[in-house]
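Subject: Structure handover and notes

Dear colleague,

Please find below the sequence and the structure that I am handing over to you. My notes on what was found follow after it.

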Amino acid sequence: DKQNVLQTRTYDVTVTYDFYYCVPRMWLMGYSEDGVPLNDSEMKQDIMMEYRNQTVTIDPHPCTGVRNISVHPCRHSLLLKKMIENFEESGKKLDIEMSILIFLKFLHSVVPTIQYDFTMDINF
């Protein structure tokens, strides 16, 4: 009975470097359960309402030209700096390679339906 089956979507997550803002920029391309790319309105359904028309845009990916969800990078450096400061104020040392994991934690607050496969945990 198909009504008891939970329909899921999957997303490809890619990271590019934004030379204008000098920060990583996250791109998400969504697919239906059948592997069909999601259209703009379907991808927007997975984004928290307060971010839909402010922080998140749907733009052509710089490498593929395909429209993807993008978390606009204009405030990434301020956000990452604040998150790192909070981490270090708690007396913990943050290795630089861990900053991308912190950024993924932020991305999870924008698109909470995405579940990441973390091989390590970050405790704030």
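In these notes a residue is called buried under 20% relative accessible area, exposed over 50% and partly exposed in between, with a 1.4 Å probe and protein chains only. This is a predicted model, in which local features need pLDDT of at least 70 and side-chain atom pairs count only at pLDDT 80 or more, while totals for chains, interfaces and linings use all residues. Residues are numbered from 1 along each chain as its sequence is written, and side-chain values use heavy atoms, with hydrogens and water left out.

By that definition Asp34 counts as exposed, because its relative accessibility is 71%. Asp34 belongs to the loop between β2 (23-31) and α1 (40-44), where helices (H or I, at least four residues) and strands (E, at least two) are DSSP runs numbered from the N terminus. Its C-alpha atom is separated by 9.8 Å from that of Thr10, although the two residues are 24 apart along the chain. Thr10 in turn has Tyr31 of β2 as its bridge partner.

The strands make an open sheet of four, in the order β1-β2-β4-β3 and with antiparallel pairing, two strands being paired if DSSP finds at least two bridges between them. Because β1 (10-18) and β3 (56-60) stand at the edges with a single partner strand each, one side of each is left without a neighbour in the sheet. From one strand to the next the twist averages 35°; axes here are lines fitted to C-alpha atoms, for helices over the stretch in contact, and angles run from 0 to 180 degrees between N-to-C directions.

Going through the pairs, β1 and β2 are joined by nine bridges, and the loop between these two strands holds Cys22, which has a positive phi of about 60° although it is not a glycine. Cys22 counts as partly exposed, because its relative accessibility is 49%. β2 and β4 pair over two bridges, with Trp27 set against Ser70 of β4. β3 and β4 are joined by five bridges, with Pro60 opposite Arg67, and they form a hairpin with six residues between them, in whose turn Gly65 has a positive phi of about 80°.

β4 is mostly covered, since four of its five residues are buried. What are the residues with the most contacts inside the largest nonpolar core? They are Ile69 and Val110, in a core of 23 residues, where a nonpolar core is a set of buried Ala, Val, Leu, Ile, Met, Phe, Trp, Tyr and Cys residues joined through side-chain atoms within 4.5 Å. Two or more residues each come from β2, β3, β4 (67-71), α2 (76-89) and α3 (99-110), and α3 gives the most, with seven. Beyond its neighbours within four places in sequence, Ile69 is in contact (heavy atoms within 4.5 Å) with residues including Tyr11, Trp27, Met43 and Ile58.

As for the helices, α3 lies across β2, β3 and β4, at about 45° to β2. The axes of α2 and α3 come within 10 Å and cross at roughly 110°, which means that α2 is roughly perpendicular to α3; angles of 65 to 115 degrees count as such, those under 35 as roughly parallel, those over 145 as roughly antiparallel and the rest as oblique. Among the residues making this contact are Leu79 and Met83 of α2 and Phe103 and Phe106 of α3.

Best regards
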